[in-house]
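Subject: Structure handover

Hello,

Here is the structure for you to look over. My notes on what was found follow below it.

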Amino acid sequence: MRPAVYVLHTCALALLLTGLRELLFGFEENRCSMTYMFEQPEYRRIQLPRRVARQYPAYGLYLYGEGLYAQETRGLKLTGAPVLFLPGNAGSYKQARSLGSVALRKAENLDGGVHMNVFTIDFNEELVALYGGSLLRQTHFLHESIRVILRLYKNCPDPPSSVVLVGHSMGGVVARALFTLPRFNPRLVSLILTQASPHHAPVISLDPYILEFYSSVRQRWAAGAEDLRNVTVMSVGGGYRDYQVRSGLTALSCPSDDHNKLSVVVTAVPRTWVSTDHLSIVWCKELVLATVRAFFDLIEPETQQFTEDVEKRISVLNYHFIHHPVQLPGDQRNTLVSFTGTAEAWSEVNTLRVFYSAPKEATVKYFLFALSSRRKAYTHFYCRSSNMEMSSWLFGCTQMNGLLCVQAADLSARTELLPAYKVLTVKLDELSTISHLIIDASNPSARQFIVECEWQREKSLTVPVPVPHVLSFAWTSSDVTINSSGLLHTLQLQHFHQAYQAFRITVMSHCKATKDRLPNIYRMKVPWFREDSFVTAGIPSVTEMSGMLHMPHHDNTSSALLQLHTAPNCQYKVSVRTSFPKVLGQILRFCGPVLPVYVTVALLLALRRQLCSVLLTGRTVGMREAVAKALQPHKLELPVLLLHLLLRQSWFQESWSTLGLPAVDILPLTPIEDLSQHAAVPDQDWPRLVSLLLCILGAAVAFWGTTVLTLFLRMMSFILAPLHRPSISRHCGTLQLSLQILLILSLIFLGGVTCGALSITASFLLHLYRVLRLQMTERTLSHMLNLAPQKTSENGFSRSDGGSKLKERIGSSLLSESVLQDVRDDLQLHLSLSTLLTLPVMLSAPSLFYWSRNLRYSVHLDPDPWWPHMVPLLIASVLLINCNTLMLSLSKLMLALTSRLLLPLCVAMVTFSPLHLYRVVHFLSAALTLLATSCYL
């Protein structure tokens, strides 16, 4: 092969590795604090009814406890508020210890005996994100567990009527699936809190059961939206550290007027402000504290059980997870406030800005701002304070007595908590009845803090900044310099609303004086989703931050915002550049699960190239050469693009539906509201560019994957060669027809009785043995034919006569270089087939792993996603063991048909498999069945 081929595939592999590096490591370090247990944790198993224990032998229900509390609850006489933790994919029931331990410590500091009983379910660490056959079983067991938990409180004076569910990963999806059960009473669950749960769609769809499960959950919550309005659901995403479940999938699809369903990314949660990976979201102390505080605020002191008041639930969750205003949930604050104090405590401010540093001693201090002289020139009043105590601090005076305010209205409800201080912005046109604004800068606790306030104009608040094109490769940048003396600046990043966009934003600050200044806070704000992220920077500083989106937006009517909470009288230079590595990382974050489709397509096109070579010359080409020559993305993308264009026509779409054809799969770069459509018709063409990139990346994986597999097989054949008799026939490792039929029937029986994935793996190993035998034969023939350079005699002349006589003797023994070439052709053909058969083995591995873990409970996998669909694949793989290039060359008509049909199969795979990955095996079965037919007809 030409060096350009290696250069091309090396560059493509470098792109893939660059994107993987950004996906796996291109984020901030883990800033979560660990939660520790102060006493030995105990998990007390709850005895289940005999019927439930017999029906679900692999599952269990436990009560978490520590120390004295664990001893007190040995008799299971419980009086607390029940909380049930649900582990996710391969999750352990012991992950509840962080929530349970912090809840116990919190209860020790409270009066009145208010506490929680934390239960947890053992789902046997099942891979439910990869094998969907057990999701419904887990849902039924969860229903039974809730009934068992509530029966434990039958002797309680105020028994609970519902259980709060906390679900991690797929556990949150199972919690919502409860409401799909026909006999489930929705009143048994009134609050669900999920952590990194992919509510919208599965991360990867390896079998149809997981998609059917998601479809039933989606339909139940969509059709019964009115019935489920009293059920509060809070979904928390992990941010960019969680590369397993991207935060866009954690958003809840619900009507816009349903305020009882909340979605947020953990970076936007007040007092948390950190990104978590998929596991640390369970034990991250900052998030666990917010969760426990919210739960205790939801407990009614009178009954010591969770409240049934929907409005209070929403208020509490908004306080701890969304906004964190001054007013505590349930507090009844007076709208009118009166002030006491001497005239020396009041100061009227006539300047545009005020800066005040509270002394260390306790003082009473009020600042008075007249509105009458500012209404025409200014539109907003902005104020911030490093006093993090969430108490009222901004008031609007309604009655004055000289220079003193007698009565005022509390305006602090819109206070926002930022990592270093709290801020508040009020609009002047909403204060028509207010004559003065009052800042309470009193310091009763003798703690130092800083207060800064200023008047602002709406026009100067927002600066539009067009972001560079994604293909600018950081060669161009959008720069803006802010010389204003304001405290708040907002940059509107125009045209920034797509998932594939990623930017490196650099903010350089320069100030002449740095004494007594609050730090800078840079906030990336997304109007259509709660995924805000914060960066705190000193003065002066050079700060880099990433601009990426968890949730794209369907149009350009709204763009992401960059809010700069700055120091006065400083200069800020902001530079926005496209980060190509982060663009690759974003593409892999959204489309990484689709890559196996394009790898399979590259391998099938390589097989097609080999078959065409056999059809024309009777010889095949090497696997790597076939992959390199088969890289022709235009043959894939043009038919798919044409189909997408036709589907935009109503007449074609009606004909498509009339024929009962499945919906076209589109790349998961589209906003969630578009992906939820049953008939997904893309209205944009730019995803095809991403598909083109995925074609190149898939070809690179196929090229280098084949290289690695070839080296591995050579090593294995060298190790196993001493165990086999040397062979010089191309038919080594083949099977007799009767043995083939017996193997086919045995594999079918094995798959039907045990697990279909087991039969797929067994057939792959049988074919792999054929490749190993061909590899041994090729090495044996190479040595026998003495293909090494000719040796010279002592006098310097070549031993040509002896060599010719040797070749004559070899020829008389029916051995020649053509025999070696035949073996090499067969080896390359079967190497391609083994590589293709590797994919069904990998896709079916989760169900095989699930079956092996539950073998002690049942020999048969039920349900089995690969039975009986794998029967054609089994038959074709066994029949192809005896296939060789000679048999294919004799079947001109069928071979020509097969080579022509492989390209339409690849086009269909790209069209229908990105969101249904299990369909790849169906297309492979069809392709290998055609090939097996070509060998025998």
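Start at Gln610, whose contacts beyond four places in sequence are Thr620, Val621, Gly622, Met623, Ala626, Gln828, Leu829 and Ser832. Gln610 belongs to helix H13, residues 595-617. Its relative accessibility is 0%, so Gln610 counts as buried. Bear in mind throughout that this is a predicted model.

**Disulfides**

How many disulfides does the count give? It comes to five. A disulfide is a covalent bond between the sulfur atoms of two cysteines. Number the bonded cysteines along the protein chain, and the pattern reads 1-2, 3-6, 4-5, 7-8, 9-10.

Three of these links are worth a look.

- Cys383 is joined to Cys453, with 1.8 Å from S to S. This pair links distant parts of the chain, 70 residues apart. Cys383 sits in strand E13 (residues 380-385), and Cys453 in strand E19 (residues 450-456). Both Cys383 and Cys453 are buried.
- Cys397 is joined to Cys405, with 2.2 Å from S to S. The link of Cys397 and Cys405 is right-handed, with 110° about the S-S bond. Cys397 and Cys405 are both buried.
- Cys883 bonds to Cys935, the sulfur atoms being 2.0 Å apart. This link is left-handed, at -55° about the S-S bond. Cys883 lies in the loop between helix H23 (871-879) and helix H24 (885-890), while Cys935 lies in helix H26 (residues 919-936), so the bond ties together parts 52 residues apart in sequence. Cys883 is buried, and Cys935 is buried too.

Cys11 is in no disulfide. The nearest cysteine sulfur to Cys11 belongs to Cys695, 18 Å away. With a relative accessible area of 43%, Cys11 is partly exposed. Cys906 is in no disulfide either. Here too the nearest cysteine sulfur is that of Cys695, at 9.9 Å. Is Cys906 buried or exposed? Cys906 is buried, with a relative accessible area of 0%.

**Helix H4**

Helix H4 covers residues 97-108. At 1.5 Å a residue, its 12 residues should span 16 Å. The end C-alpha atoms of H4 are 16 Å apart, so the two values agree. H4 is mostly covered, with nine of its 12 residues buried. Those buried residues are Ser98, Leu99, Gly100, Ser101, Val102, Ala103, Leu104, Arg105 and Ala107.

**A five-stranded sheet**

Next comes an open sheet of five strands with mixed pairing. Its strand order is E20-E22-E27-E24-E25. Which strands stand at the edges? They are E20 (462-466) and E25 (533-537). Each has a single partner strand, so one side of each is left without a neighbour in the sheet. On average, neighbouring strands of this sheet are turned by 20° against each other, direction ignored.

Look inside the sheet as well. Strand E24 (residues 520-525) pairs with strand E27 (residues 561-565) in the antiparallel sense, over five bridges. Tyr522 stands opposite Leu564 in E27. Strands of a sheet pair through backbone hydrogen bonds, either parallel or antiparallel.

**Aromatic pairs**

The structure holds 28 aromatic pairs. A pair of aromatic rings is described by the distance of the centres and the angle of the planes.

One of the pairs is Tyr131 with Tyr850, and it is tilted. The centres are 4.6 Å apart, with 35° between the planes. Tyr131 lies in the loop between strand E4 (116-122) and helix H5 (135-151). Tyr850 lies in helix H22 (residues 817-853), and 719 residues separate the two. Tyr131 has 0% relative accessibility, so it counts as buried. Tyr850 has 7% and counts as buried as well.

Trp656 and Phe912 form a stacked pair, 6.1 Å from centre to centre and with 20° between the planes. What does this pair link? It links distant parts of the chain, 256 residues apart: Trp656 in helix H16 (residues 650-658) and Phe912 in helix H25 (residues 892-912). Trp656 is buried at 13% relative accessible area. Phe912 is buried at 15%.

Finally, Tyr43, Tyr62, Tyr64 and Tyr93 form one aromatic cluster.

Best wishes

Technical notes
Residues numbered from 1 in each chain as written. Predicted model: local features only at pLDDT ≥ 70, side-chain atom pairs only at ≥ 80, totals over all residues. Heavy atoms only, no water. Disulfide = S-S within 2.5 Å. Helix = DSSP H or I, 4+ residues; strand = E, 2+ residues; numbered from the N terminus. Buried < 20%, exposed > 50% of the residue type's maximum accessible area, 1.4 Å probe, protein only. Contact = heavy atoms within 4.5 Å. Expected span 1.5 Å × (residues − 1). Pairing = 2+ DSSP bridges. Axes fitted to C-alpha atoms, helices over the stretch in contact; angles between N-to-C directions. Phe/Tyr/Trp six-rings, centres within 6.5 Å; stacked < 30°, edge-to-face > 60°.
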